[in-house]
Amino acid sequence: MMVALDGTIVAIANPAIAKDLGASFADVQWITNAYFLALAVSLITAGKLGDRFGHRQTFLIGVTGFATASGAIGLSNSIAAVVTFRVFQGLFGALLMPAALGLLRATFPAEKLNMAIGIWGMVIGASTAGGPILGGLLVQHVSWQSVFFINVPVGLVALVLGLLILRDHRAENAPRSFDLLGIALLSGAMFCLVWALIKAPTWGWGDGRTWTFIAASVLGFALFSFWETKVKEPLIPLALFRSVPLSAGVVLMVLMAIAFMGGLFFVTFYLQNVHGMAPVDAGLHLLPLTGMMIVGSPLAGAAITKLGPRIPLAGGMTATAIAMYGMSTLKEGTGSGVMSVWFALLGLGLAPVMVGATEVIVGNAPMELSGVAGGLQQAAMQIGGSLGTAVLGAVMASKVDNSLAGNWKAAGLPHLTPAQEGPASQAVQQGLSPAPKGTPGPVAAKIAEVAHHTFISGMSLASLVAAGVAAVAVLVALLTKRGANAESGAGVGHI
């Protein structure tokens, strides 16, 4: 819950942090990027640590470190300290996620594993979608520090319960050595890829720096793949990817996250800046999404146990594609009831994917590599989320840039100078009106109308692209099947 919550809850706190600590917009971006970068780069290596030393120990260290780093952020009085401790949050969060999956895999027998993963997915989904609601309440009624302090008691409870309840499971043939060069190559490749995705909206997709980092990432992955065929105990045995269902599960997680994270990114701007909702109200309007993920995840687990993952996964991505298409039809005057239908359908579609893709990836990996498989699943989701935000953000920016001048002229507004076009376009991409202070009321209203209309045209196109990605994911879902190694669950390697 802590790791998923901190992926979204901080977005609501960023304006208050910037005001209190005197941070620039670029500084505030790093509050999110530092966490995401550390998390994404470390997940697979953290999974390997769990496979080597035991998932219970790794999980408890992750809980302790995450809660401690959260408390340190709340006590910080400079933006540099906040960003630094966000890095530590990401690193310890990376220890938590694969370890949790490894513990579930080792604890539950095959016939109960999907239900367990369903409850796990419910917590992840509810925390991710509920972050803006809780964040809005805490920032509005307590302080921005409380957004981080809340992790301290939660972490303490998790640590005490973990010490009392969790059992240490280790596979008999768990890895005994570390592929240090493999860790370095994979971490470097992941860093370059995620860095390029984070910086692309600022640098531009045509910028040489963006493509330099992408090229460095491709080279890093190529060198990593070559090295993994030579080392005795590789970080990720490439034989894992000979499993078509496992590979399909990884691709499915990337595609799902592109559609979900990328689409949701614009919805928050739509609710707050176009409809003028307060952060708490915007979060409450997303309750149908959260609620359907909470209800749908255990149901999806039961359905996958009975039917296998293929039908629920394909059905889930079909519902996601329809929901994203529905979101492309949203207008300035769309009512809460219509929005709720599409948000609820999106939550219902995502639930089986969150549960089923986990079962497909972790269940098709050998028991001794369940941590690495869990890290792979989470890394796929993180990269997909970053890709979704970056690629759909580029689609939005391109549509706004191409439409704004024409819409502006058609409304009979004064001509924008070249110096004004850039700032105006950036404001409109967030659903904001670029009207300067002191603009007469009727003119300001017309500018706001043009801004909202142009923003919605960009959001509609981005949502259609997300729907197309989800439709491709339906075909990928048809390649999945129940984990061949799921039966080697509870009872293996008790210590």
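**View 1. The second largest pocket has a volume of about 830 Å³.** A pocket here is an open set of points on a 1 Å grid over the protein atoms alone, where a 1.4 Å probe fits and protein lies on both sides within 12 Å along at least five of seven lines. The volume is the space filled by probe spheres set on the points. Of its 25 lining residues (an atom within 4 Å of a point), Met-1, Phe-59, Ala-100, Trp-120 and Leu-166 sit closest to the centre. Helices H1 (2–21), H3 (55–75), H4 (79–107), H5 (110–141) and H7 (151–165) each give two or more residues to this lining; helices are DSSP runs (H or I) of at least four residues. By type, the lining splits into 22 nonpolar, two polar and one charged.

This is a predicted model, so local features need pLDDT of at least 70 and side-chain atom pairs pLDDT 80 or more, while totals for chains, interfaces and linings use all residues. Residues are numbered from 1 along each chain, and side-chain values use heavy atoms, without hydrogens or water.

**View 2. Leu-156, Val-157, Val-160, Leu-161, Leu-164 and Ile-165 make a nonpolar surface patch of about 600 Å².** To join such a patch, nonpolar side chains must lie within 5 Å, in residues with over 30% relative accessible area and no salt bridge. Leu-156, found in helix H7, is exposed (over 50%) at 53% relative accessible area.

**View 3. Arg-209 and Asp-207 meet in a salt bridge through their side chains.** The N to O distance is 3.0 Å, inside the rule of a Lys or Arg side-chain nitrogen within 4 Å of an Asp or Glu carboxyl oxygen. The count comes to one salt bridge.

Definitions and conventions:
Nonpolar A, V, L, I, M, F, W, Y, C, P; charged D, E, K, R; others polar. Patch = residues over 30% accessible without salt bridge, like charges linked within 9 Å, V, L, I, M, F, W, Y side chains within 5 Å. Areas by Shrake-Rupley, 256 points an atom, 1.4 Å probe, with all protein chains shown as cover. Buried < 20%, exposed > 50% of the residue type's maximum accessible area, 1.4 Å probe, protein only.
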